[in-house]
Structure formats: C-alpha cells, structure tokens
Amino acid sequence: MVDPADDRAHMLSAVEAAAEARYHSSPNPWVGAVVVAAGAIIGRGSTLPPGGDHAEKSALAEAGEAARGSTLYTTLEPCPHVGRTGPCTDAILDAAVARVVVGIVDPDRAVSGRGIEVLRNAGVTVDVGVAVDEVGAQLAPYLHHRTTGRPYVVVKLAATLDGWTAAPDGTSTWVTGEEARADAHRLRAESDAVCVGAGTVRADDPRLTVRDWPGGGSPPDGARDPRRIVLGSIPDFARVLPAESREGDLGGLLDGLGAEDVVQLLVEGGPDVAGRFHRAGLVDRYVVYVAPSLMGGDDGRPLFAGPGTSTMVDLHHGRFVAVAQLGHDLRIDLVLDF
C-alpha cells in the first residue's frame with residue numbers, strides 16, 4: 001500500500017537535490033531524483049551541466065543494482081528522446097525500476113507526456129502530481145520558458161522604506177546592506193542574462209557579475225556570470241563589457257532571448273527600464289529589497305519611472321510569495337495576478 005505522506009517526503013528530497021543543479025543546468029531544467037527501496041533512499045542525483053547526465057541517471061548510477069524493483073522519484077517527467085544524452089526512460093527500464101513518481105509533466109514538446117507513456121507501456125507503474133506546488137515553484141522559470149518561448153522575467157529593485165531608489169542628486173549606491181547585495185548576486189547566478197539600461201551603465205558603471213555569490217565565475221561547479229544586455233548604447237570601457245547592446249520593442253527582445261535559450265532574464269535597470277517592463281505586462285516576478293532607511297521627502301527617484309495607474313480601481317494586485325530578512329533588510333517577492 002502506497003503511503004501518500006511517504007511519496008511527498010521522498011519527492012521533497014528530490015526537490016532538495018534539484019536545488020544543487022540550479023546554477024549550472026540551464027537551459028536544461030534543474031531536476032532532482034531519488035531512488036527508494038524498502039523505504040530508504042539508495043540513490044540521489046541532480047541534473048549535471050549540459051552534456052552531462054540528467055537527474056534520473058545520476059540517481060540510478062548511485063543506486064546501482066539495488067535499483068531493481070525500486071521506486072524512482074523525479075521532480076520532472078523523464079525524457080524519452082535523444083538530446084545531448086540518451087533517453088532517461090531507457091535508463092529507468094534498463095535498471096528495472098518498478099515504479100516512477102513524477103512531480104509534474106514536462107511541457108517541452110519533445111517530452112510532454114511521452115516519457116510517462118513509454119514507461120507505462122513497458123509495464124512500469126507511473127504516478128504523477130506529487131508535491132506539485134513545491135516542484136512548480138522551483139521550476140517556474142523553466143516551465144514558463146517552455147510554455148511561452150520567452151524568458152521568465154524577474155525585476156529586481158532596491159529601495160528605502162518610503163519607496164525611493166535614489167536621492168534627488170541621482171546617487172543610489174548601497175541602498176541595502178551586504179547580505180541583500182549578496183542575495184542579488186545569487187539572483188544573477190540563477191539567471192541566464194541580466195538587463196539594464198544605458199543610463200544605469202553611465203551612472204553606476206556596474207559589472208553585473210556574480211562575484212559576491214559563493215562559487216561565482218567558476219564553472220562548471222560554481223555559478224557563471226550571466227550574459228549582459230544593455231538597452232541602448234554602451235560607453236567605451238564600461239565595466240559591464242563584454243555586453244550586448246539592444247534596441248527596440250521589449251517583446252521582441254524577449255522572443256529573441258527565448259529562442260537563444262535564455263530561460264530566466266533578470267532586469268536590474270533603474271526606474272525607467274523597470275517601468276517599461278512593468279507597463280508592458282512582461283514581469284513574472286518582482287523582487288524588492290527594502291532597507292530600514294528613510295529619505296523623508298518626495299523628490300527622490302521612485303521604484304518605477306513613467307505614468308502609473310490613474311485610479312485606485314486600476315491598481316495591480318498580486319501575492320507576496322516570499323518574505324525574508326537579509327541582515328537588516330527585507331526581501332519581498334511579488335507575483336501579480338493577471
């Protein structure tokens with residue numbers, strides 16, 4: 001008799017394993033898997049960098065011959081096709097796994113239910129939909145990319161408690177503390193590309209690297225610096241170089257980046273760029289770092305520049321999906337309801 005509580009616990013172990021792949025697996029999904037026999041985990045794996053084994057193969061390799069007759073838990077549907085590596089479904093069948101528990105179905109057109117079908121046709125018991133909320137939240141950027149063809153857009157902002165990102169004279173350096181800045185570098189490490197406006201490059205001369213996140217800049221084990229996208233012309237000798245200058249419609253930019261396997265785009269531009277993405281309805285997640293400080297006036301730079309809603313009836317409503325304290329600062333994650 002299958003205990004749903006046990007299934008959930010083992011799937012959450014697979015979610016924990018998947019977190020290890022977050023910084024190096026893209027554009028492949030960051031998947032985790034565990035092999036369970038007699039109630040104990042005997043194999044654990046996560047997706048390796050592109051060209052390496054997927055999570056299921058890594059977990060089965062660790063389990064070895066003991067995988068025969070076992071249950072494999074995987075956060076995402078096993079692939080049935082040949083890509084950079086062979087099908088995970090073949091590895092599962094070769095290992096004689098008796099049951100596979102899948103978190104969510106892979107929306108990629110090369111998979112999309114076919115992996116489950118292959119396993120069931122071979123006599124393997126397959127159950128789908130365990131810990132869906134946790135798996136879906138972890139894989140949200142990948143699922144969005146495969147469903148829409150565009151990157152998952154995260155807008156990162158930092159402000160004082162009264163909502164200002166810069167002083168009237170334009171200075172904006174170090175609104176938040178060290179822990180929040182390191183966390184922002186972690187966001188970069190999760191992203192395939194980071195986008196700013198040319199005004200930010202001229203004013204702040206940022207590097208847009210992951211230097212303050214452990215392992216930054218040391219692939220394949222650590223996180224790599226994202227591609228740098230600048231909206232507008234890039235000054236000579238700017239520290240952001242090498243970077244790509246882009247012009248034109250933001251929707252077209254997202255279409256192009258999605259086709260180039262950018263799964264997550266982090267927007268770090270100032271109020272002008274943030275306002276453009278916001279008004280175009282292109283933001284999937286807002287990450288706002290709030291500092292325990294006050295500017296105390298009405299002449300600073302706001303979170304968003306440009307026209308906002310003209311009436312309270314038209315406010316953009318959403319949900320705080322995460323709130324965390326980082327040193328003296330708060331990180332608030334917002335997802336709007338459309």
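Colleague: How many salt bridges does the structure hold?

Modeller: The structure holds 20 salt bridges. Keep in mind that this is a predicted model.

Colleague: Okay, take Arg-8. Which residue does Arg-8 form a salt bridge with?

Modeller: With Glu-134, and the closest N and O atoms are 2.5 Å apart. The pair links distant parts of the chain, since Arg-8 sits in helix 1 and Glu-134 in helix 5 (residues 132–138), 126 residues apart.

Colleague: What about Glu-190 and Arg-186, how far apart are they in helix 7?

Modeller: They are four residues apart in helix 7 (residues 178–190), so about one helical turn separates them.

Colleague: Which residues are linked with them in a network of salt bridges?

Modeller: Asp-183, Arg-285, Arg-331 and Asp-333 are linked with Arg-186 and Glu-190 in that network.

Colleague: And Arg-227 with Glu-260, what parts does that pair tie together?

Modeller: Their side chains meet in a salt bridge at 2.9 Å, N to O. Arg-227 lies in strand 9 (residues 227–231) and Glu-260 in the loop between helix 9 and strand 11, so the pair ties together parts that are 33 residues apart in sequence. Arg-227 is partly exposed at 27%, and Glu-260 is partly exposed at 39%.

Colleague: Switching to strands. Why is strand 6 largely enclosed by the rest of the structure?

Modeller: Because eight of the nine residues of strand 6 (residues 152–160) are buried. Strand 6 is joined to strand 11 (residues 264–267) by four bridges, running parallel. With strand 12 (residues 285–291), strand 6 pairs in the parallel sense over seven bridges.

Colleague: Now the packing. Which residues have the most contacts inside the largest nonpolar core?

Modeller: Met-11, Val-100 and Leu-139, in a core of 36 residues. Several elements each supply at least two residues of this core, including helix 1 (4–19), strand 4 (99–104) and helix 6 (140–148). Apart from it lies another core, of 24 residues, with Val-262, Val-267, Phe-277 and Val-283 among them.

Colleague: What does Met-11 touch, leaving out residues up to four places away in sequence?

Modeller: Among others, Tyr-73, Val-101, Val-130 and Val-135.

Colleague: One more spot: Gly-258, buried or exposed?

Modeller: Buried, at 5% relative accessibility. Gly-258 is in helix 9 (residues 250–259). Gly-258 and Gly-149 are 109 residues apart in sequence, yet their C-alphas are 5.4 Å apart in space. Leaving out residues up to four places away in sequence, Gly-258 touches His-145, Gly-149, Arg-150 and Pro-151.

Colleague: And which residues form a nonpolar patch on the surface?

Modeller: Phe-320, Val-323 and Leu-330, with about 310 Å² of accessible area together. Val-323 is in strand 14 (residues 318–326), and Val-323 is exposed, with a relative accessible area of 55%.

Definitions and conventions:
Residues numbered from 1 in each chain as written. Predicted model: local features only at pLDDT ≥ 70, side-chain atom pairs only at ≥ 80, totals over all residues. Heavy atoms only, no water. Buried < 20%, exposed > 50% of the residue type's maximum accessible area, 1.4 Å probe, protein only. Pairing = 2+ DSSP bridges. Core = buried A, V, L, I, M, F, W, Y, C linked by side-chain atoms within 4.5 Å. Contact = heavy atoms within 4.5 Å. Patch = residues over 30% accessible without salt bridge, like charges linked within 9 Å, V, L, I, M, F, W, Y side chains within 5 Å. Areas by Shrake-Rupley, 256 points an atom, 1.4 Å probe, with all protein chains shown as cover. Salt bridge = Lys/Arg side-chain N within 4 Å of Asp/Glu carboxyl O.
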